[in-house]
Amino acid sequence: MGEGGSLPTMDLMRSEPMQLARIIIPMESAHRTISYLGDLGLFQFKDLNTGKSPFQRTFATQIKRSGEMARKLRFFKDQMMKAGLFASSWPSYGSEFSLDELEVKLGELEAELTEMNANTEKLQRAYNELLEYKLVLQKASEFFHRAQSSATSQQREYGDRLVEGSMDSPLLLEQEMTTDISKQVKLGFVSGLVPRDKSMAFERILFRATRGNVFLKQDVVQEPVCDPVQGEKVEKNVFVVFYSGERAKNKVLKICDAFGANRYPFTDDIGKRQQMITEVSGKLSELKTTIDVGTLHWSSVVQSIANQFDQWNNLVKKEKSIYHTLNTLSFDVTKKCLVAEGWCPVFATSQIQNALQKATIDSNSQVGAIFEILHAKESPPTYFRTNKFTSAFQEIVDAYGVAKYREANPGLYTIVTFPFLFAVMFGDWGHGICLFLATLFLIIREKKYSSQKLGDIMEMAFGGRYVIIMMSIFSIYTGFIYNEFFSVPFELFGRSAYDCRDPSCKDATTIGMIKVRETYPFGVDPIWHGTRSELPFLNSLKMKMSILLGVAQMNLGIILSYYNAKFFKNDINIWYQFVPQMIFLNSLFGYLSLLIIVKWCTGSQADLYHILIYMFLSPMDDLGENQLFWGQKYLQILLLLSALVAVPWMLIPKPLLLKKQYEERHQGQSYAPLHSLDENIESEMYESHGGHEEFEFSEVLVHQLIHTIEFVLGSVSNTASYLRLWALSLAHSELSSVFYEKVLLLAWGYNSVVILIIGIIVFVFATVGVLLVMETLSAFLHALRLHWVEFQNKFYEGDGYKFHPFSFASVGEEDD
C-alpha cells in the first residue's frame with residue numbers, strides 16, 4: 001500500500017506520488033514549451049515573481065494584447081446573440097491563424113461591424129422619423145378636413161338664417177362673418193407625436209402655461225410606434241396645438257421638448273400636404289430597401305464570425321493563459337533562459353521530458369530545456385486520478401477537506417459505503433427503480449447535457465448522476481431485503497414461511513401464526529406487513545442493524561488510521577492511538593454487536609439494554625435469564641477493565657514519547673557527516689525561518705486530552721448517531737404506507753372513475769415530491785453526515801491542498 005510496504009498501491013487509496021521539479025527553458029522555445037505543457041496538463045507552476053505587481057511582469061504587454069482581443073470576441077458574441085446565432089461546433093478546416101493574423105482580422109471585423117451598426121442605427125432612426133412624420137401628416141390632414149367641413153356647414157347654416165331673417169340669430173356672428181379677412185387674427189400651430197401615458201399631463205401643462213389660450217387636438221395611433229430616440233415600441237398620440245402669438249409659440253415648443261414629444265412640420269395647403277405624403281412614402285420604401293440590404297450583409301458577416309468563433313476564442317484563451325504562466329517564471333542570471341518551478345506527478349516525468357524535447361525541436365532551438373528534480377521541504381499537493389464515475393464520489397470527500405498528501409483516501413470506500421447507507425434509509429425497490437430510470441436518462445444523454453448550460457439544480461443532479469444511480473441500485477437491493485414495493489410486500493423469493501392457524505387469526509399477532517414452510521430465503525417475510533406486530537418487529541430489526549453497520553464503519557475508520565500510521569512510519573500512533581481506540585470501541589460497542597448477533601442466532605429473549613446498563617452499574621451481579629452464553633459475566637468484567645485501561649493508554653504515553661523524540665532529535669543536531677554539511681546549513685536556515693516550532697509539552701498534553709475525551713464521548717454519540725439509519729428507514733416506510741393506503745386504496749374504494757383518477761394523480765405527485773425528491777435529499781444529507789463526522793474523524797485529517805496543473809482543458813471550461 002505504501003512505499004516500503006508489501007501491499008500494492010491503489011490509484012484512489014492514496015494520492016499520486018508528487019515531486020518538485022525545475023525546468024530551465026531557453027527564451028526562443030519558452031512559448032512553445034508552455035503550450036505543450038498546457039496540452040499535457042500535468043505540471044503545476046509556482047509563482048516565482050510574487051514580489052512583482054501584474055504591470056511589472058515581463059509579459060504584461062502580451063496579456064494586455066490578449067485581453068483586448070478577448071474584448072473584441074465578447075463584442076462579436078453579443079452580435080451573435082443579437083442575431084440569434086450560436087458558435088458552430090464544427091471545426092473549420094483550412095482557416096488556421098497565427099495570433100498576429102488573428103489580431104488584424106479581429107480588428108478589421110470589429111471596425112466593419114461597428115460601422116455597419118452605426119449606419120444601420122442612423123438609417124433606422126431616419127426610417128422611424130419618417131414613419132412618425134407620415135402618421136402626423138395623415139392624422140393632421142384628417143383634423144383639417146373635419147374642421148373645413150364643419151366650417152362649410154356653419155357658413156351654409158348662416159346663409160339659411162340670413163334668408164329666414166330669424167330674430168334668434170346672434171348679432172356678433174353677423175359681425176364676425178362680415179369682418180375683413182385681412183383684419184382677422186392668424187393662428188399658428190405645432191404638430192407631432194407625444195407618448196400616450198404623458199398625453200393627459202401634456203394637455204394640462206399646456207392649458208396652465210398659456211392660461212387656456214391654446215387649442216389642442218389629439219388622436220390615438222392604434223398600433224405602437226417605434227420611437228426614433230429610444231428605438232423601442234411606444235404607444236403614442238398625434239397632436240396639433242393651435243396658438244396665437246410668439247410668446248405662446250415658445251411656451252408650446254418648450255413643453256413639447258420637456259415631454260419628449262417629437263415635432264414635425266405641417267402645412268394647411270391641401271396640395272402641398274398630398275405632395276409631402278407622396279414624398280415621405282417614397283423615402284420610406286427606399287430606406288426600407290436600404291436597411292434590408294444592410295441587415296442581410298450584417299447577418300452574413302456575423303454568420304461567418306460564428307463559424308470560426310470557437311476556434312478564435314480558444315486560441316485567444318490559450319495565448320492569454322500561456323502568457324499568464326510565463327509571468328510566473330523568473331529569468332536566470334544570464335537573462336537568456338526562463339526558470340520554472342512546480343509540482344508534477346512522478347509518473348508524468350517521461351511525458352514532461354518528451355514534451356520539452358518536442359518543443360525544442362519544433363522551435364528550432366539549439367539548446368534544449370533542462371528538467372531536474374528538487375528536494376521539497378513543503379508538503380506537496382494532493383492529486384487523485386479519477387474518471388467520470390469516481391470523480392463525483394471524490395468531490396463528496398473533498399467538500400469536507402482535501403486529503404493530506406499520501407494519507408488514506410476515504411473516497412475509495414465512499415463509492416460503496418455512501419450509496420449503501422443511503423439505501424438503508426431509502427429501502428424500497430419501487431422507489432429505487434424510479435430513481436434508477438430518471439438517472440439512467442441523464443447518463444444516456446450525458447454527451448448532449450455536458451455541452452449545454454443547465455440550471456443550478458439540474459447541474460447538481462447531472463454532476464452527481466453516477467452517485468445517484470449507485471444509490472438507486474443499492475436502494476433496489478435494500479428494498480428486496482425490506483420486501484417493499486411502494487410499501488407493498490411481494491412473495492418474490494418464495495411463499496411465506498408462516499400461515500394462519502385458522503381463519504380468525506388474520507388480525508392476530510405472530511402467536512396466531514404457525515410455521516408451515518422453510519424460512520423465507522431472502523429479506524423480510526411478507527407475512528409481517530400489515531400485522532399488528534409489524535412495527536415492533538421492524539423497529540427491532542432496523543435498530544440493531546443500524547448499530548451493526550455503525551460499529552463496522554467506525555472500526556473501518558480506526559483500521560485506516562493504522563494504515564496511515566504504518567505508511568508514515570509513525571509507531572507512536574500505532575501503539576498509543578490505534579490499539580487503545582480499537583480496544584475501547586470494541587470493548588463496549590463491539591461487544592454490543594456480538595450480543596446482537598448471538599441473540600439473532602439463538603433466538604434468546606435476553607434484554608440487551610439491561611445487559612449493557614448493568615455491565616457498568618453492577619458488573620459483579622449474576623445475569624440470570626439475560627445470560628446468552630457461558631462465561632459472559634467474566635468476559636464483561638474483562639472488557640470493562642480493558643475499556644478503562646484504554647483511556648489513560650491514549651492520554652498519557654503519547655505526549656511523553658513526543659517530548660523524548662524532540663529532545664533526542666535536537667541533541668544530535670550539532671553533529672553531522674561532512675558530506676552533508678550543505679544540507680545542514682540549508683536545514684538550519686529553514687528552521688530559523690519557522691521550519692520547527694518550539695516543543696510545548698503542556699500544549700501537546702492538552703491537545704491529547706481533548707483528542708482522548710473527544711474519542712471516548714464520540715464513541716457513544718457516534719454509535720447513537722447511526723440510529724438515524726433506523727429512524728429514516730422507518731419514516732420512509734411509514735410515509736410510503738400512508739400514501740398507498742390513505743390515498744390510492746381509499747380512492748379505489750369509492751368505485752368512481754373520477755375519484756380514482758384524482759387519487760392516482762395525488763399519489764403520483766406525493767410519491768415524486770415527498771418520497772423521491774425530499775426523502776432522497778434527506779437521506780443523502782444524513783449519509784453525508786455519517787461519512788464526514790462518524791467515519792472520517794477516525795483517521796482523516798483533510799488539511800491538504802489540491803493539485804491544480806496548468807491545463808488548456810480547464811482554461812476552456814472557465815468563463816471570461
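Helix H14 is followed by Asn483, a residue whose phi is positive, near 60°. The structure is a predicted model, in which local features need pLDDT of at least 70, side-chain atom pairs count only at pLDDT 80 or more, and totals for chains, interfaces and linings use all residues. Residues are numbered from 1 along each chain as its sequence is written, and side-chain values use heavy atoms, with hydrogens and water left out.

The protein contains 24 helices and 13 strands; helices (H or I, at least four residues) and strands (E, at least two) are DSSP runs, numbered from the N terminus. Of the 816 residues in the protein, 41% are buried. A residue is called buried under 20% relative accessible area, exposed over 50%, and partly exposed in between (1.4 Å probe, protein chains only). The accessible surface of the protein comes to about 46,500 Å², and 59% of this belongs to carbon and sulfur atoms. Accessible areas come from the Shrake-Rupley method with a 1.4 Å probe, and for residues only the protein chains shown count as cover. Among contacts (heavy atoms within 4.5 Å) with a separation of 6 or more, 80% are between residues 24 or more positions apart.

UniProt, in an unreviewed entry, places the feature "transmembrane region" at residues 420–444, 465–482, 545–563, 575–598, 634–652 and 752–774. UniProt positions are given in the numbering used here, feature names are shortened, and annotations may be inferred rather than shown by experiment. Two of these spans are described here. Residues 465–482 are 100% helix and 0% strand, with end C-alpha atoms 25 Å apart. Residues 634–652 are 95% helix and 0% strand, with end C-alpha atoms 28 Å apart. The unreviewed entry in UniProt also places a "coiled-coil region" at residues 99–126. This span is 100% helix and 0% strand, and its end C-alpha atoms lie 40 Å apart.

Helix H14 has 18 residues, which at 1.5 Å a residue should span 26 Å; its end C-alpha atoms are 25 Å apart, in agreement with that value. The expected span of a helix is 1.5 Å times one less than its number of residues. Because 13 of its 18 residues are buried, H14 is largely enclosed by the rest of the structure. The loop between helix H14 (465–482) and strand E12 (498–500) contains Arg495. Arg495 has 54% relative accessibility and therefore counts as exposed. Leaving aside residues up to four places away in sequence, Arg495 touches Arg517 and Tyr520. Arg495 and Tyr520 are 25 residues apart in sequence, and their C-alpha atoms are 7.2 Å apart in space.

The structure holds 22 salt bridges, each defined as a side-chain nitrogen of Lys or Arg within 4 Å of a carboxyl oxygen of Asp or Glu. In one of them, the side chains of Arg22 and Glu341 meet at 3.5 Å, N to O. Arg22 lies in strand E1 (residues 18–26) and Glu341 in strand E10 (residues 337–345), so the pair ties together parts that are 319 residues apart in sequence. Arg22 is partly exposed, with a relative accessible area of 26%, whereas Glu341 counts as buried at 16% relative accessibility. Arg22 and Glu341 are also linked with Glu372 in a network of salt bridges.

A salt bridge also forms between Lys633 and Asp622, whose closest N and O atoms are 3.6 Å apart. Lys633 is in helix H18 (residues 632–651) and Asp622 is in the loop between helix H17 (608–617) and H18, eleven residues apart. Lys633 is buried, with a relative accessible area of 19%, while Asp622 counts as exposed at 68% relative accessibility. In a further salt bridge, the side chains of Arg785 and Glu790 meet at 2.8 Å, N to O. Arg785 is partly exposed, with a relative accessible area of 33%, and Glu790 is buried, with a relative accessible area of 0%.

A nonpolar patch on the surface is formed by Val753, Ile757, Ile760, Ile761, Val764, Phe765, Val768, Val773 and Met774, which together have about 850 Å² of accessible area. Patches are made of residues with over 30% relative accessible area and no salt bridge; like charges are joined within 9 Å, and nonpolar side chains (Val, Leu, Ile, Met, Phe, Trp, Tyr) within 5 Å. Phe765 lies in helix H23 (residues 753–791) and counts as exposed at 62% relative accessibility.
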